[in-house]
Amino acid sequence: MGTIRVTARTETGATRVGDPVVLTVRLNAAGNVKLLPRPSLDLPWATITPGDERVEIDSTTTRISGTKEFEWLITPRESGTQIIPSIRYPYFDPVIRRYAVIETSPIPLVV
């Protein structure tokens, strides 16, 4: 796998206790993105249900690249301003010939 970029977003910045919100994590990479595993996610203040995975491959260049998106349905159990922490994604970077870790920015969610 080559260089990877990761972003995360929610469909909204506010919700109510018991109302689910979709969290989407998007990985852009050079290489076969189909093989990228789902990142881990732990939120003690919410119920987490894994959702869809989507893959887009760009094979128009000499080097295959693409994006892979992972979704989770997050259902808050506690009110207040909650934080979806940085999602860390370890991978092997062949350019620097070692393992690296990328991460998203934390996402505040007002419940």
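**Salt bridges and a nonpolar core**

In this predicted model, E53 and K68 form a salt bridge whose closest N and O atoms lie 3.6 Å apart. The pair links distant parts of the chain, with E53 in strand β3 and K68 in strand β4, 15 residues apart. E53 counts as partly exposed, at 42% relative accessibility, whereas K68 counts as buried, at 5%.

The count of salt bridges comes to eight. Another of them joins R26 to E69, the closest N and O atoms being 2.8 Å apart. R26 belongs to strand β2 and E69 to strand β4, and 43 residues separate them. R26 is partly exposed, with a relative accessible area of 26%; E69, at 9%, is buried.

Attention now turns to the nonpolar residues. The largest nonpolar core has 25 residues, of which I4, L23, L27, I74 and I84 touch the most other members. Elements giving two or more residues to this core include β1, β2 and β4, and β2 gives the most, with five. Beyond its neighbours within four places in sequence, L27 is in contact with residues including I4, V6, L36, F70 and I102.

On the surface, V55, I57 and I64 form a nonpolar patch with about 220 Å² of accessible area together. I64 lies in the loop between β3 and β4 and is partly exposed, with a relative accessible area of 43%.

How values were computed. Residues numbered from 1 in each chain as written. Predicted model: local features only at pLDDT ≥ 70, side-chain atom pairs only at ≥ 80, totals over all residues. Heavy atoms only, no water. Core = buried A, V, L, I, M, F, W, Y, C linked by side-chain atoms within 4.5 Å. Buried < 20%, exposed > 50% of the residue type's maximum accessible area, 1.4 Å probe, protein only. Helix = DSSP H or I, 4+ residues; strand = E, 2+ residues; numbered from the N terminus. Contact = heavy atoms within 4.5 Å. Patch = residues over 30% accessible without salt bridge, like charges linked within 9 Å, V, L, I, M, F, W, Y side chains within 5 Å. Areas by Shrake-Rupley, 256 points an atom, 1.4 Å probe, with all protein chains shown as cover. Salt bridge = Lys/Arg side-chain N within 4 Å of Asp/Glu carboxyl O.
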